[in-house]
Amino acid sequence: MVYKTSFVILSLALIFLDSILISSLANSVPTTLNVLSYGAKPDGSTDSTKALLAAWNFACASANPTTIIVPKGRFLVGKLVFQGDECKHAPVSFRIAGSIIGPEDFRVLAKSEQWIRFERVTDVSIYGGVLDAQGTGLWKCKNEDGHCPIGAKVCLTHKNQHIFLMYIHGVLVNFVLFFQLNLQTLMFTGSNNINITGLTSINSQKFHIVIDDSNNVNMDGVKVVADGDSPNTDGIHVGGSHSVRITNSRIGTGDDCISIGPGSTSVFIQNVQCGPGHGISIGSLGKEEEEQGVENITVSNVIFTGTQNGVRIKTWGKDSKSFARNIVFQHITMKMVKNPIIIDQHYCPDKPCPKQESGVAVSNVRYEDIRGTSNTEVAVMLDCSEEKPCTGIVMKDVNLASVVNRPVQATCDNANGLANDVVPFTPCLRKDLLMT
């Protein structure tokens, strides 16, 4: 009996010690990982894709906060997908001292919609570094004749495809014709608690940074660089996301510096320099009839230099249940901007146009303390929908002049609201001296 009791006690003790050992090993996971230790090479020619993914997988499995170090040098990577489904969601930080570069031949990533993609991650931060997608080859292809090699196409489903039926030797065959969509540099989708600080993105094939279906995202000190004639190279695009902050950043590109798409709420933009580019845009909205709206957007302390637009709301001229409301544009400087203030509810970049009135309801938009110069005679254009006129438009302390020292004007259709101390005179807005 004594022997059996001793055996049981010994077994329990061994199990206890084993659990302590396992716990100790788990807690001994390094908190700092250098991608060089996983085989990455800073020579700009060796493929370091697997090394970065290996470091991520290790950090993802850790219950402790982990920092992944990308040291000085140029690290060539192909498509990177950092998945968070199996992670323990301890904070993971990327500290990048060097550059992460894409293949020089844009066709290498032909089947990818994004180059670097984070899916369903939580508490991820990126500090510093340069992302160079080397997209200039694709820009040249598009700008020369538009007939880019098939390698530049991306195979997508849902609304990005057309399906054709054809009989071949008596057999009905489905053909899927895909739109040409090219690489986006960095994307977070389905993610929470994301911080991007001091990151530089240059020469993206298409959009530089995309925040999709994510919450609590902070971007500070971000720099985006692309040629002014680089097609579709939006700086930062926010879609379907809540609580996004973009501060203290410089964005120069060939399309919107910042674009805010359907389903975005509580977006705060402050201390941003935009130019070259197409300005800061709410939209486009209303391309689909059943589409989420945009609300609670603040754009403050922004300088636009030589941009096609300043602050813009754009909606498709077609039926839609979408909306844009509770938007503030304030403390803004325009320098030689083609369209400083614009609401365009007949947006149609692709012909033929629907030739309908927009169903998107635009309301409660405030413009305050906006000053500077316009490159065109029309400094303010409020082109609202006849079906759903803009309501609650407020302008206060707006002063826009011509670059060539000539009077500028405002045009407006189907817009209603109040104005005080506004140059140029905006005829559709009532003057209200008591407005605050």
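Two strands are taken to pair if DSSP finds at least two bridges between them. In the predicted model examined here, strand β16 (residues 209-212) and strand β19 (residues 236-239) meet this criterion, pairing in the parallel sense over 4 bridges. Within this pairing, D212 has G239 of β19 as its bridge partner.

The two strands belong to an open sheet of 11 strands with parallel pairing, arranged in the order β5-β8-β13-β16-β19-β21-β23-β25-β27-β29-β31. The edges of the sheet are formed by β5 and β31, each of which pairs on one side only. From one strand to the next, the twist averages 15°. Helix α2 packs on this sheet and touches β5 and β8. The direction of α2 makes about 5° with that of β5.

Aromatic contacts were examined next. A search of the whole structure finds 9 aromatic pairs. In one of these, F118 and F188, the ring centres are 4.4 Å apart and the planes lie at 10°, so the pair is classed as stacked; the cut-off for this class is an angle under 30 degrees. Because F118 lies in strand β8 (residues 114-119) and F188 in strand β13 (residues 184-189), the pair ties together parts that are 70 residues apart in sequence. Strands β8 and β13 follow one another in the order of the sheet. Both F118 and F188 are buried. These two residues also belong to one aromatic cluster, together with W56, F82 and F94.

Charged side chains are also placed over aromatic rings. The charged end of K206 sits over the ring of F207, at 5.4 Å from the centre of that ring. R325 lies over the face of F323, and the distance to the ring centre is 3.7 Å.

The structure holds 5 disulfides, among them the link between C60 and C87, whose sulfur atoms are 2.0 Å apart. The torsion about the S-S bond of C60 and C87 is about -120°, so the disulfide is left-handed. Both cysteines, C60 and C87, are buried.

A further disulfide is formed by C384 and C390, with 2.0 Å between the sulfur atoms. Its S-S torsion is about -100°, and the disulfide of C384 and C390 is therefore left-handed. C384 counts as buried because its relative accessibility is 0%. C390 likewise counts as buried, at 0% relative accessibility.

C412 and C428 are joined by another disulfide, with an S to S distance of 2.3 Å. The value about the S-S bond is -135°, and the link of C412 and C428 is left-handed. Distant parts of the chain are linked by this pair: C412 is in strand β31 (residues 409-413), whereas C428 is in the loop between β32 (415-423) and β33 (429-431), 16 residues apart. With a relative accessible area of 17%, C412 is buried, because the class requires a value under 20%.

Definitions and conventions: Residues numbered from 1 in each chain as written. Predicted model: local features only at pLDDT ≥ 70, side-chain atom pairs only at ≥ 80, totals over all residues. Heavy atoms only, no water. Disulfide = S-S within 2.5 Å. Buried < 20%, exposed > 50% of the residue type's maximum accessible area, 1.4 Å probe, protein only. Phe/Tyr/Trp six-rings, centres within 6.5 Å; stacked < 30°, edge-to-face > 60°. Lys NZ or Arg CZ within 6 Å of the ring centre and 35° of its normal. Axes fitted to C-alpha atoms, helices over the stretch in contact; angles between N-to-C directions. Contact = heavy atoms within 4.5 Å.
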